[in-house]
Amino acid sequence: MRFETKIAVLLRDDLLTWQRLNVTAFLISGLAGAAPHLLGEPYADADGTAYLPMFGQPVMVFAGDAALLTAAHDRALSRGVSLAIFTEELFKTGHDAANREAVAAVRRDDLNLVGIGLHAPRNTVDKVLKGASLHG
């Protein structure tokens, strides 16, 4: 099935495995919070045990260097795409308020981005992530 939109995460390619997983989880939570319509229906197994809903379309995970991440951030903002961001400083914080304070302390052009998450029309996401490769 081909979707008209794309959910994507772009990670800096030098992150440790635990950091990649952590950043992806945080970024996706931002997208789910901002666009709950992306969630499908709740799940249930054959015994009737209920499970939480998940996104109704795939999440594509990409990787690129710091320069590509900065360029993608700029391209997204210039196209009016809302982003979830994760900066290097957030690895040193311990809770949500501290995360927001760490981001608020840095000007946009000086953010040390390690990941961005976005949802937009397919062609817009493709243009924003130009040069990124699927995470592998």
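Which residue is the bridge partner of A8 in β4? The partner is M60. The structure is a predicted model, in which local features need pLDDT of at least 70, side-chain atom pairs count only at pLDDT 80 or more, and totals for chains, interfaces and linings use all residues. Residues are numbered from 1 along each chain as its sequence is written, and side-chain values use heavy atoms, with hydrogens and water left out.

Five strands form an open sheet of mixed pairing, in the order β5-β6-β1-β4-β7. The edge strands are β5 and β7, each pairing on one side only. Strands are DSSP runs of E with at least two residues, helices are runs of H or I with at least four, and both are numbered from the N terminus. Two strands pair if DSSP finds at least two bridges between them. Strand β1 (residues 5-12) runs parallel to strand β4 (residues 59-64), and six bridges join them. Two bridges join β4 to strand β7 (residues 133-134), and this pair is antiparallel. Here F62 has L134 of β7 as its bridge partner.

Four salt bridges are found in the whole structure. A salt bridge is a side-chain nitrogen of Lys or Arg within 4 Å of a carboxyl oxygen of Asp or Glu. R12, D14 and E88 are linked in a network of such bridges. The closest N and O atoms are 2.6 Å apart for R12 and D14. For R12 and E88 they are 2.7 Å apart. R12 lies in strand β1 and E88 in the loop between β5 and α3, so the pair ties together parts that are 76 residues apart in sequence. R12 counts as buried at 10% relative accessibility, whereas E88 counts as partly exposed at 23%. Buried means under 20% relative accessible area, exposed over 50%, and partly exposed in between, with a 1.4 Å probe and protein chains only. R100 also forms a salt bridge with D96, with the closest N and O atoms 2.2 Å apart. Both lie in helix α3, four residues apart, about one turn of the helix.

The largest pocket holds about 460 Å³ of space. Its lining has 21 residues, and G30, L31, L83, A84 and I85 are the closest to its centre. A pocket is an open set of points on a 1 Å grid over the protein atoms alone, where a 1.4 Å probe fits, with protein on both sides within 12 Å along at least five of seven lines; lining residues have an atom within 4 Å of a point. The volume is the space filled by probe spheres set on the points, which are joined across faces, edges and corners. Helix α1 gives the most to this lining, with six residues.
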